Amino acid sequence: MKNAAAIEVHDLRKTYQVRDGGSWRGKTREITALDGISFTVPAGEIAGFIGPNGAGKSTAIKILAGILRPTSGTVRVGNLIPWENRLAHVARIGVVFGQRTQLWWDLSVGEGLALLRDIYSVEPARFLRNRERLADALDLHGIMDQSVRQLSLGQRMRAEIAAALIHDPDVIILDEPTIGLDAPSKLAVRAFVRDLRRERGTTVLLTTHDMHDIEALADRVIVIGHGRILADSPFEALQATTLSERILEADFTGPLPDLLLPEGATETARGSRSVTITFDPQRLPAPVLVAHLSTLPGLGDLRIGRPAIEEIITRFYADHAS
Ligand SMILES: Nc1ncnc2c1ncn2[C@@H]1O[C@H](COP(=O)(O)OP(=O)(O)OP(=O)(O)O)[C@@H](O)[C@H]1O
């Protein structure tokens, strides 16, 4: 199975019919949520699937999960067509929707997992092994008897992940798995997904608005906007083509002197004793800029870094807007 395509999407289109003004009498209008997207995720890869609000991510995820039929195009997940082989398909994939539960509010976590065992016909010995392994890895032992409605968001998300994996799926779809979680819970979810891929070779499609999820997990990112694929590449490549600039922060021991910056550098923020400068290292090598600043009176610390990952993505979305 290694290197075979676990997810294949070809020329996928989805249009929704909506009534203007919400009235049944109003004219109908077509919204193109997916305008012919194609991508492939090889087995064992973690692919980030990102895009601004309304780009079409949820629509694509629902089609991949077998919940929604596309208007046209082909999709194969582990060689099955999700909306045609629904039962066989759901038995082979795991889906975590960060914003809604797949568990049952009034059942305990343990009861919910047992119900999934029956739904997916997981053989009893394998179920017990998986439940133990997932409870250890996701720290669920203390909450197995608690009903889902009593769980904190972080506990519920860990239970959701266990529920999505109880039947050993080869492919998992994570839709905003860290939304609303505190920092330690986010780190725990990311570590779990990394281990899962390493130990079991699970293929993961991950949508998120948290770019740190992408940085921590994704082998590559597929960017979608207005229902089209805008980029499909390793994150570093996206970063290099979008924002090659560097950021320099300089602290001064006294009031800021006149900077008289060389060409290729722009002052982007200023405090009473510090300044932030953005520069393009192709046009202005960092040592030249540092040498220039060193001539200024009262220079203290200097720090040079890359723009934050959010900045890179925001710029990429803005460059592809319209
Ligand atoms: N059931 C629906 N009926 C009509 N239009 C819809 C429906 N679901 C989504 N849309 C429209 O399709 C487009 C894509 O929406 P979708 O929810 O797939 O985007 P998204 O990338 O998941 O956005 P977000 O990041 O905000 O969740 C949007 O213009 C949205 O308004």
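Helices (DSSP runs of H or I, at least four residues) and strands (DSSP runs of E, at least two) are numbered from the N terminus. On this basis, the protein has ten helices and 13 strands. This is a predicted model, in which local features need pLDDT of at least 70, side-chain atom pairs count only at pLDDT 80 or more, and totals for chains, interfaces and linings use all residues. Residue numbers start from 1 along each chain as its sequence is written.

**Overall dimensions and packing**

- Taken along the principal axes, the C-alpha atoms fill a box of roughly 75 × 55 × 45 Å.
- Of the 322 residues, 35% are buried, meaning that 20 or more other C-beta atoms, placed from the backbone, lie within 10 Å of the residue's own.
- Among contacts (C-beta atoms, placed from the backbone, within 7 Å) with a separation of 6 or more, 69% join residues 24 or more positions apart.

**The six-stranded sheet**

- An open sheet of mixed pairing runs in the order β5-β6-β7-β3-β8-β9; two strands pair if DSSP finds at least two bridges between them.
- β5 (93-97) and β9 (228-233) are the edge strands, each with a single partner strand, so one side of each has no neighbour in the sheet.
- On average, neighbouring strands of this sheet are turned by 15 degrees against each other, direction ignored; the axes are lines fitted to C-alpha atoms, for helices over the stretch in contact, and angles run from 0 to 180 degrees between N-to-C directions.
- β3 (residues 46-50) and β8 (residues 220-225) pair in the parallel sense over four bridges, and I50 stands opposite V223 in β8.
- Helix α5 packs on the sheet, touching β5 and β6 (171-175), and its direction makes about 160 degrees with that of β5.

**Helix α3**

- Within α3 (residues 109-119), V109, G112, L113 and L116 are buried.
- Viewed down the axis of α3, these buried residues fall within an arc of 100 degrees, so they line one face of the helix; the arc is that of the directions from the helix axis to the C-beta atoms.
- The packing partners of the buried α3 residues are α4 (124-138) and α5 (153-165).
- Just after α3, S121 takes a positive phi of about 50 degrees.

Methods. Buried ≥ 20, exposed ≤ 12 C-beta atoms within 10 Å, placed from the backbone. Contact = placed C-beta atoms within 7 Å.
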